[in-house]
Amino acid sequence: MHSSGPQPCFPPRPGARVLDAAAYALPPACAVLLAAHALRPGNPGLALSCLVLGLLALTRQAFARLVLAPGLAAGALIWAGSGLELVRMRLALGEPHVRLAAIMAALAVLNLAGALVLIAAPGKRRFDKRPELAAPLAAVFLITLGALYTLQYFLRPPHGPALLLAERFAPTSGWLEATLIACYAAFAAARLLRLKTQAATRSLIWRLFSLVFFLQLALGLLGLPAMLMTGALHLPVPALIVAGPLYRGHGLFMLWLFSASVVLLGPGWCSHLCYIGAWDDLAAKSKKLPSPLPRWAVSARAAILGLTLAAPLFLRFLDVSLEAALWTAAAFGLTGLGVMALASARLGTMAHCTAFCPIGLLGNLLAKLTPWRLRVSLECTRCTACISRCRYNALTLERLESGKPALSCTLCGDCLSACKHDALHYRFLNLSPARSRTLFVVLAASLHAIFLAVARI
Ligand code: SF4
Ligand code: SF4
């Protein structure tokens, strides 16, 4: 029998109280100590990066616990490594070393204790906000930070021009930029994971990316070469991702980037990462509801893809000058803008991306080789609410009957929140629909943030 009266409330044991206090105090304290350690060799950017992590430790966000725990464990290794190095130096110079060794060991133990407290119950009690999002947000944060820290470590003077923009203006500030962008990535991912805020957030962060990309280009052209990737200008026309290397015979960087996005996100490049697609999204959304494109649009895009593959080879074969080839590419890009203004804005469907741009079709075709899919389940009542959300011309009544969207689906995810019957699902191998979607958002938000930091012409 269960008693229905109030349960006796036991005061927490003194040991538990100490551990709870440690979960509050140790993470920020360790972050401040690590920041001081980063200042020693003159790395203020890394010191500020540690302080940002210290600020994260003052929040109650559950994901912060999963980010800080490995951070403090790494901190323990840093103190141990630095301690060993310093003790060795003192031994070599015949100077006293015992006190130094004890201090460095104590700092390493403090970090380790902080990490252990965080992964145990006191850490869970301390960081109790949105525990259901803890793992995906921590994954986004760590993927973004790991990638940007790696780029910052290897790609900066004297190994070449810095890849992270802040580093180009203030040495060591790339570390801080990487950390701030990782925080932004986790924030964006939280909003993308919530169905209610997903569609608006996707559009917003996609436009932000495009704005940053073109703002850097504009400032570069106005005489700030630090805003450009290498100083060598390229046309920001997506078709050149394949046409450029076919004409030049080299310059595969963008193709690698695009291929990596296909491997990780399937057709997601065209709904999350392309610097031009965001404009088509903007143009199409100027009309409230999308109208379907004519059937010939599919064949037209296939023909344009064929032309994009054949024309550069033809120009190269004829030894056409680079200048003439660039004018051809510019004319193609301008035609695309015309398609946005005349078709996307009028139809409410992204005509540029689903009927004109060859890279979109290439992405759709290559994505068929990846396990990413969108599926319509038996719960679908054919209410057609989702059709009015799809700007990629991928949903029709026939498509709902067939259980899958058209080839032009980019996994944008906008249709999911329109469905009151939870009938549209991401699929990835044997993962459940919910896990598939979470994985997609984790990868999309991380790639978006990394691209935001490094993509420029
Ligand atoms: S279809 Fe082309 S322009 Fe549109 S998002 Fe994809 S690559 Fe970019
Ligand atoms: S079917 Fe859904 S996920 Fe695919 S493009 Fe259309 S709205 Fe986006």
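Me: At what angle do the axes of α9 and α13 cross?

Reply: Helices and strands here are DSSP runs numbered from the N terminus (helices: H or I, at least four residues; strands: E, at least two). An axis is a line fitted to C-alpha atoms, for helices over the stretch in contact, and angles run from 0 to 180 degrees between N-to-C directions. The axes of α9 and α13 come within 8 Å and cross at roughly 130°. That makes α9 oblique to α13. The cut-offs are under 35 degrees for roughly parallel, over 145 for roughly antiparallel, 65 to 115 for roughly perpendicular, and oblique for the rest.

Me: What kind of model is this, and how is it numbered?

Reply: This is a predicted model: local features need pLDDT of at least 70, side-chain atom pairs count only at pLDDT 80 or more, and totals for chains, interfaces and linings use all residues. Residues are numbered from 1 along each chain as its sequence is written, while chains are lettered from A and ligands numbered from 1 in the order in which they are written.

Me: Back to the helices. Which residues of α9 and α13 meet?

Reply: Contact means C-beta atoms, placed from the backbone, within 7 Å. From α9 come S203, W206, R207, F209 and S210. They meet A278, W279, D281 and L282 of α13. By class, this contact has 5 nonpolar, 2 polar and 2 charged residues. Nonpolar covers Ala, Val, Leu, Ile, Met, Phe, Trp, Tyr, Cys and Pro; charged covers Asp, Glu, Lys and Arg; the others, Gly among them, are polar.

Me: At what angle does α8 pack with α9?

Reply: The angle is about 140°, and the axes are 7 Å apart. That makes α8 oblique to α9. α8 brings A188, R191 and L192 to the contact. α9 brings T197, Q198, T201, R202 and I205. The classes are 3 nonpolar, 3 polar and 2 charged.

Me: And how do I read α6 with α8, parallel or antiparallel?

Reply: Start with the angle. Helix α6 (residues 134-154) and helix α8 (residues 173-193) cross at roughly 155°, and their axes come within 8 Å. The two are therefore roughly antiparallel to each other. Next, look at who touches whom. On α6, the contact includes P136, L137, V140 and F141. On α8, it includes G174, W175, A178 and T179. In this contact, 16 residues are nonpolar, 4 are polar and none is charged.

Me: Which domains does the protein have?

Reply: Domain bounds come from an automatic or database assignment. Here it gives domain 1 (15-129), domain 2 (133-233 + 438-457) and domain 3 (234-422). Taken over C-alpha atoms, the centres of domain 2 and domain 3 lie 23 Å apart. Each of these two gives 20 residues to their contact.

Me: Which elements build the side of domain 2 that touches domain 3?

Reply: α9 (195-221) and α20 (433-454) each give two or more residues to that side. The largest share, 12 residues, comes from α9. The side holds 13 nonpolar, 4 polar and 3 charged residues.

Me: Which residues are around ligand 1?

Reply: A residue is near a molecule if its C-beta atom, placed from the backbone, lies within 6 Å of it. Around ligand 1 are P238, C270, C274, I276, G277, D280, H352, C353, C357, I359 and G360. α13 (277-284), α16 (351-356) and α17 (358-367) each supply at least two residues of this shell. Its classes are 7 nonpolar, 3 polar and 1 charged.

Me: How many residues surround ligand 2?

Reply: There are 14. The closest are C390, Y392, C409, C412 and C415. The shell around ligand 2 divides into 10 nonpolar, 2 polar and 2 charged residues.
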